[in-house]
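This briefing goes through one protein model, beginning with a single residue and then widening to the whole chain. Please keep the sequence and the structure in view while reading.

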Amino acid sequence: MQFIQHDLPGVIEYIPTKFHDDRGHFYESYNQTRFAANGITENFVQDNYSYSTAGVIRGLHFQKEPHGQGKLVRCMTGKAMDVIVDLRKSSATFGRYGTYILDAEIGNMLYVPVGFAHGFVALTDTIFVYKCTDFWNKEAESGIRWNDPTLNIPWGVVNPIVSDKDQVLPLFDLNETIFK
């Protein structure tokens, strides 16, 4: 079991130890005590599930305070490039994005704290699941357009499949304070 701190403060990747035998494999996907000892102390209250075909982009989504959501994300099947954007105005990395490959074969997960926009592109047909630290709240839901020219995120997909709702999300505004 390995926990990796990434460049964006608070972002932690978890890589499980897999035990293989002739039946297949086993690994511990979540252990509250071990996660807390490695900086992930939040209480998760909701699990979400999505299936996406290769080339689908979902995001970049977040919930505004007081309903901000931290997320523990992973692929149950397939592979995705996870994308997060630091929206914490007081952060030294405000406005920066990070990309991370999540792969069901590895079983790795990414902890995304409150204060980040989150999205992913399915690199293969993918079942994507995540735990949230707050419940979904319609009035708090927001996002940033996936192809924002200021962020210029390299999604790696020529003709992505993006929902109508995600196509009209607002552009990133460096002057807006979404999270302190």
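In which strand does Thr126 lie? Thr126 lies in strand β12, which covers residues 126-132, and the model in which it is placed is a predicted one.

- The side chain of Thr126 makes a polar contact with the backbone oxygen of Lys79, at a distance of 3.1 Å.
- When residues up to four places away in sequence are not counted, Thr126 touches Ser50, Tyr51 and Ser52, and also Cys75, Thr77, Gly78, Lys79 and Ala80.

**Gln46 in strand β5**

- Gln46 is found in strand β5, which is made up of residues 46-52.
- From Gln46 the side chain reaches the backbone nitrogen of Trp136, and the separation is 3.1 Å.

**Backbone features**

- The peptide bond that leads from Gly59 to Leu60 is cis, with an omega near 15 degrees, and Leu60 itself lies in strand β6, residues 56-63.
- Another cis peptide bond joins Glu65 and Pro66, where omega is about 10 degrees, and Pro66 is placed in the loop between β6 and β7 (71-77).
- Asn152 has a positive phi of about 50 degrees although it is not a glycine, and Asn152 is found in the loop between β13 (141-143) and β14 (161-162).
- Asn152 counts as exposed because its relative accessibility is 58%, over the 50% that defines the class.

**Phe179 in the segment after α2**

- Phe179 has its place in the segment after α2 (164-167), and this residue counts as buried at 4% relative accessibility.
- Leaving aside neighbours within four places in sequence, Phe179 is in contact with Phe62, Gln63, Lys64, Glu65 and Gly68, as well as with Leu87, Arg88, Lys89, Val114 and Gly115.
- Glu65, one of these contacts of Phe179, is also a partner in the cis peptide bond with Pro66.
- Phe179 and Gly59 are 120 residues apart along the chain, and their C-alpha atoms are separated by 18 Å.

**The protein as a whole**

- The protein has 2 helices and 14 strands, and its C-alpha trace spans about 55 × 35 × 30 Å along the principal axes.
- A compact globule with 180 residues would have a radius of gyration near 16 Å, and the 16 Å of the protein agrees with this.
- Of the 180 residues, 49% count as buried, while the accessible surface comes to about 9300 Å², of which 51% belongs to carbon and sulfur atoms.
- Among contacts between residues at least 6 apart in sequence, 78% join residues that are at least 24 apart.
- The protein has 16 positive and 21 negative charges, and the mean positions of these two groups are 2 Å apart.

Technical notes. Residues numbered from 1 in each chain as written. Predicted model: local features only at pLDDT ≥ 70, side-chain atom pairs only at ≥ 80, totals over all residues. Heavy atoms only, no water. Helix = DSSP H or I, 4+ residues; strand = E, 2+ residues; numbered from the N terminus. Rg over C-alpha atoms; globule rule 2.2 N^0.38 Å. Buried < 20%, exposed > 50% of the residue type's maximum accessible area, 1.4 Å probe, protein only. Contact = heavy atoms within 4.5 Å. Areas by Shrake-Rupley, 256 points an atom, 1.4 Å probe, with all protein chains shown as cover. Lys, Arg positive; Asp, Glu negative; His and termini not counted. Charge placed at Lys NZ, Arg CZ, Asp CG, Glu CD. Polar contact = N/O pair within 3.5 Å; in protein donor to acceptor, adjacent residues only side chain to side chain.
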